[in-house]
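Okay, thanks for coming, everyone. Let me put the model up, and then I'll walk you through it.

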Amino acid sequence: MEGPNFVNELSQTAFLEASGIHVETEGEFAGWRTWRRDHFETHSGPFYHRLDENGRIRCAFRVARKHLNGSGNVHGGCFMTFADYCLFALSSPELQGSGVTVGFSCEFLDAAREGELVECDGEVTRAGGSLIFLRGTLRSGPRVLFTFSGTIKRKKRKPPTAG
């Protein structure tokens, strides 16, 4: 099933063997992957991603009390942090290394509350030599909560210095 977010065999291998990945072994997200190298995301999440049965990358998190604002809804900063996490999960087969977010745009469409499962699906819209463009949607069940687009710049590997 080819599509804009279909992960082919080569990029699937890159996705599955990415460095810094932790695979959850227990609970609701057993078998899902997460990065433990980003302290802010680890503190803000936990956020997870996996390949679904159709070879598409999916991301998710379960809303906890720490994700809520004073009105009892998911804080906008939490949605934005999760969406940034999703940019890197969705782009990982193309990125195959490190990168930085250089552009991000979003729309807040609905609220989520404690206990809800927030899921993301998205796609790489274009991958060039140094930039990767993406878009995605956060949902809770059938409700669209948040849409976003972003751009990641691949970090150039610097040659080791002699010395």
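Let me start with one term: when I say salt bridge, I mean a side-chain nitrogen of Lys or Arg within 4 Å of a carboxyl oxygen of Asp or Glu. Also, this is a predicted model, where local features need pLDDT of at least 70 and side-chain atom pairs count only at pLDDT 80 or more, while totals for chains, interfaces and linings use all residues. Residues are numbered from 1 along each chain as its sequence is written, and side-chain values use heavy atoms, with hydrogens and water left out.

So, the salt bridges. The structure holds 6 of them. Take Asp-110 and Arg-143, whose side chains meet in one at 3.1 Å, N to O. Asp-110 lies in the loop between E5 and E6 and Arg-143 sits in strand E8, residues 143-154, so this pair ties together parts 33 residues apart in sequence. My helices (H or I, at least four residues) and strands (E, at least two) are DSSP runs, numbered from the N terminus.

Put together, Asp-110, Glu-116 and Arg-143 are linked in a network of salt bridges.

Now, how covered are these three? I call a residue buried under 20% relative accessible area, exposed over 50%, and partly exposed in between, with a 1.4 Å probe and protein chains only. Glu-116 counts as buried because its relative accessible area is 17%. Asp-110 is at 37%, so it counts as partly exposed, and Arg-143, at 30%, is partly exposed as well.

One more salt bridge: Glu-123 with Arg-135, where the closest N and O atoms are 2.5 Å apart. This pair also links distant parts of the chain, Glu-123 in strand E6 and Arg-135 in strand E7, 12 residues apart. Glu-123 has 14% relative accessibility, so that one counts as buried, while Arg-135 is partly exposed because its relative accessible area is 45%.

Okay, stepping back to the overall layout. We've got 3 helices and 8 strands, and from the N terminus on they run α-β-β-α-β-β-α-β-β-β-β. Of the 163 residues, 39% count as buried. If we take contact to mean heavy atoms within 4.5 Å, then among contacts between residues at least 6 apart in sequence, 59% join residues at least 24 apart.

On to the strands, where I say two of them pair if DSSP finds at least two bridges between them. E3 (residues 48-51) and E4 (residues 57-62) pair in the antiparallel sense over 4 bridges, and Leu-51 has Ile-57 in E4 as its bridge partner. That hairpin has 5 residues between the strands, and in it Gly-55 takes a positive phi near 80°. E4 also pairs with E6, antiparallel, over 4 bridges; there, the partner of Phe-61 in E6 is Val-118.

What about the inside? A nonpolar core, for me, is a set of buried Ala, Val, Leu, Ile, Met, Phe, Trp, Tyr and Cys residues joined through side-chain atoms within 4.5 Å. The largest one has 30 residues, and those with the most contacts inside it are Phe-79, Phe-82, Val-118, Cys-120, Leu-138 and Phe-148. Which elements each supply at least two residues of this core? E4, helix H3 (76-95), E6, E7 and E8 do, and H3 gives the largest share, 11 residues. Leaving aside neighbours within four places in sequence, Phe-148 is in contact with a list of residues including Cys-86, Phe-104, Cys-120, Arg-135 and Leu-138.

You'll find it in strand E5, residues 99-108, and its 30% relative accessibility is why it counts as partly exposed.

Last stop, a glycine. Gly-129 is in the loop between strand E6 (117-127) and strand E7 (131-140), and at 74% relative accessibility it counts as exposed. Gly-129 and Arg-154 are 25 residues apart in sequence and 8.2 Å apart in space, C-alpha to C-alpha. That's my tour, thanks.
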